[in-house]
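Q: I would like to learn how to read the packing in this structure. Could you take me through some features one by one?

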Amino acid sequence: MSSLSIVTIIELVPLLGVVGLFILPKGSTKLIKQFAIGISLLDLAISLLMAFRFDRGVSAMQFVESRNWISAFGIKYAVGIDGIALVLILMTTVLVPIVLLAGWNESEGGRWSPRVYYALILVLETMMVGVFAATDVFLFYVIFEAMLIPVYFLIGGYGRGERAQAAMKFLLYSLLGGLLMLAAVIGTYVIATNQIGSTFDVTALSGLHIDSATENMLFLGFFIAFAIKAPLWPLHTWLPTAAKSATPATSVLLLGVLDKVGTYGMIRFCITLFPHAAHTFTPAIIVLSLISILYGAFLAIGQKDINGLIAFTSISHFGFITLGIFAMTSQGLTGASLYMVNHGFSTAALFLVAGWMASRRGSTKIEDFGGLQRVTPVMAWAFFIAGMSALALPGLSSFVSEFLVLVGTFTRYPLAAIIGTTGIVLAALYVLLTVQRSLHGPTATGNESLIDLNLREKVAIAPVIAILVIFGFFPKPIIDVLNPASHEVMTQAGYVDPQPKAGK
Amino acid sequence: MLTAPQLSYSLLAPILIVLGGALLGVLVEAVMKKGSRAAIQTAIAIGTLVLSFAYLIKIHAQTSKTAAVSSVSIDGVGIFIQGTILLLSLIAILYIADTDNFAAQASAVPGSEEERTAVLAGKQQTEVFPLTLFAISGMLLFPIASDLITLFVALEVLSLPLYLLAGLSRRRRLLSQEAALKYFLLGAFSSAFFLFGAAFLYGYSGSVTLDGIATAISINSGNDVFLLIGIVFLSVGLLFKIGAVPFHSWTPDVYQGAPTPITGFMAACTKIAAMGATLRIFYVGFGQAEWQWKPIILTIAILTMVVGGVAAIAQRDVKRMLAFSSIAHAGFLLAAVLALNTDGLKGALFYLATYGFTTLGAFGVITLVRDSSGEVTDLNRWVGLGKKSPLVASVFTLFLLSFAGIPLTSGFIAKFSLFTGAYETGNTVIVVVGVLTSAITAFFYLRVVVMLFFTDPKSDSVSVVIPSIMTRAAIAICAIVTIVLGVAPSLLLNTAQTFATFIR
């Protein structure tokens, strides 16, 4: 038993907000929107408070809370955060108010009322915070799976085009992975019961002695689920369909936050619980990551749909993140964690601006844009900066993370790092081609009278751009938070960073 | 001179009370006026079940006792299952009380003049209540019977009223009568198999008690052809009642043809009673011969899960779909038979209870969806129900999600605890097949969700009748149980753990 943690408060605020949403009088959509944004801002404020109280010198979990939940299985409601969890939770609480503000009108024209839309997003926020904070494997699994339901209804109820099919594909893929993980969770639990008693505590479970065949199977159970979530080639096919059908706000949360649960899970569970199996599978996973990097980049070049483009660039970026994680160096891991945050913000910028472009133009085809730089300069600049962030231009935050990942990989797997570097070149190609086609050149017919971003949209996109630029020049605060956690994970997994071979 | 055997009436009281209520119901049918029967019968049935349950609570501490010359064992599992059956029957009675679902005069030929006059005169017969009570008394005896003769008697007592009840549907009477006949013929066959197996087991062990059979197995090698034949044929009778492949072919037809309240009652209570008896027979009687029967049961379990899951995909009728889903669930439950340990037993008890409530709730919703000519079970006409009656559609979705085993519903915890038990004794195969077929079953449950929510209503879509207060209460209880046991499963799980013991 322990006292109420600030993490729990961050989880509870959006849930209470949902209750509030349904108490609000009917018919005042504006009030509902303002209330939902207010709740998410309150949650942001609390999470910032948590960030200030976070002790950077400590590598262990902080703000821990543990309560019995299902005593028959030793299942606890147990939360706690380290540096990696902290930055991901902060990313979540920053992005939610931004997407709510940016997608002011998204909730109208869906299958259900705006009230339901905001309730779904707030429930999702609770779960997103909870999934990063969970230190009980069962609790993590429950949220991991339950999270699918609000996203399913967000895509299916408020999306565009073939939204029902896209939602179904997303859900089935994720469920399949989740159920495989369930088998692995059960297996881990049974081994724990035999060795140390019924528990799902992630720290206790990392001390298990598992024979290598079983460990490999259990590792795969977890890994496949995570590789579907943070789509790694060849398990990625649900992502482009989902991204094309979801609203921009849902896409941001889906690719920016939810998919990070997959890469986060690889760090938190795959590596720490099954270090030997992780070692066994590292070469295979690195190959898959490299394929993802190149495959995503090549397909992005060929995309005609702007949302499809962002989805495929994400697949390429998830390849980088996975590469950084399985480089098994603390540098690579810090880089990967930072990459997760940066990818969250740069994808957010891309999806939001692309969403505004699409809703103004009435089309998501890249060829339908053109000359936006002259017609709508602010929107074009916003898209340009987001694009530059996606190609990891120095001076923007994604450059730092991509650099760290590649350096971290190089110290252990030089060849993989070299192949990965070509992904950067391809990134330049797909971003610059898109920028050229949509922003420059002659103004495409039908674009002459498009209006530029309004104040609300500017307010929504400004913090994202600011974060990209500020942490591009000054990434130290985040890296300082991440480093102790990365070292801790690598120590738990039994790795020592290799010394740089040259340059001394 | 013969002495009268000691019967320990107090331990048998729950069954005797229900039998008494049934006889009282027959009397009411004979002497009371037609107009007032339904109300009186409902009161008698509810009163009987409540009294029986109260008595069960009174004797629940007196476990570890045999009664009626060791032909029944009053132990933890027996009492838990009896209690579950009584509670679920109470809910089923609330549906049955809506006598609009039943033929006015069962003896009249379908479509005849006689039937028409009976309907016009409002001569609603109410023999359905005593019949249900008789079936319940058999169900109460079946899971506690510990010799083969009592088992057979209980099997017949529970089956015969059900054959009749299946034919009582007011609408589509030919379909209903066909279902009843099919159920009767196949049921008679399976009973014969059961008896045949019992004879072989007596020949093998020289005893009809499960304890005697277990002793014989431990003395002999357990590798005897008589024993094998006995186990196989006895299993046929049991697996038929559970609805396991390849003895499942009656299930879809009977589920579809029987009046929906009876289908719900059968799907929940019969399955629980039969599963209770199966668990007792295999745990107490055949436990030590596990190497003989495990391969057979494993094959049947896998077949049951796969066939149930795959065949359900092709169904267009909601009752047939739930029938195949119940077959798949029977496969999951067989994992508990394979587990042969306390955790498997605990999982099975929890699973049966939660599955019962969810099933009854789902069938309760089906009774509400009608058009001018009665219930509509064609799924194509359910499209867009979410728009017309969001509450009903949401509740049905909740039940489907629980069937699919999505976290935060009772179905998830049930699946988890069941598979944990099976995994503990090394039944990895069934766990892996189980989670994979769960993904298949999730597909067709979610397809219904898509129809309800993501498809626009058509012109011939159905409407939802305003439910009677009793039906409303019953569905509400089922929904609440499904959520509460998903979020706070300890409430029931700890009880299941305490009760998960058999006595010899």
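A: Gladly, and a definition comes first: two residues are in contact if their C-beta atoms, placed from the backbone, lie within 7 Å. This is a predicted model, where local features need pLDDT of at least 70, side-chain atom pairs count only at pLDDT 80 or more, and totals for chains, interfaces and linings use all residues. Residues are numbered from 1 along each chain as its sequence is written, while chains are lettered from A and ligands numbered from 1 in the order in which they are written.

Q: What do the buried residues of α16(A) pack against?
A: Helices (H or I, at least four residues) are DSSP runs, numbered from the N terminus. A residue is buried if 20 or more other C-beta atoms lie within 10 Å of its own. Helix α16(A) is mostly covered, with 10 of its 14 residues buried; among them are Met379(A), Phe383(A) and Ile385(A). The buried residues pack against α13 (306–326), α14 (330–361), α15 (372–375), α17, α18 (414–439) and α19 (455–473) of chain A. Just after α16(A), Ala392(A) has a positive phi of about 60°.

Q: Is Val405(A) buried or exposed?
A: Val405(A) is buried, since 30 other C-beta atoms lie within 10 Å. Val405(A) sits in helix α17 (residues 397–412) of chain A. Beyond its neighbours within four places in sequence, its contacts are Phe320(A), Leu323(A), Gly324(A), Gly332(A), Gly335(A), Ala336(A) and Tyr339(A).

Q: At what angle do α12(B) and α13(B) pack?
A: Axes are lines fitted to C-alpha atoms, for helices over the stretch in contact, and angles run from 0 to 180 degrees between N-to-C directions. Helix α12 (residues 290–313) and helix α13 (residues 318–339) of chain B pack at about 155°, with their axes 8 Å apart. That makes α12(B) roughly antiparallel (over 145 degrees) to α13(B). Among the contact residues are Ile297(B) and Leu298(B) of α12(B), and Phe324(B) and Ile327(B) of α13(B).

Q: How many residues does each chain give to the contact between chains A and B?
A: The size of an interface is often given as the accessible area lost when the parts come together. Here we can count residues: 23 come from chain A and 25 from chain B. On the side of chain A that touches chain B, α5 (137–146), α6 (148–158) and α7 (163–195) of chain A are the elements giving two or more residues. The largest share, 14 residues, comes from α7(A).

Methods. Angles under 35 degrees count as roughly parallel, over 145 as roughly antiparallel, 65 to 115 as roughly perpendicular and the rest as oblique. A residue is buried if 20 or more other C-beta atoms lie within 10 Å of its own, exposed if 12 or fewer, and partly exposed in between; C-beta atoms are placed from the backbone.
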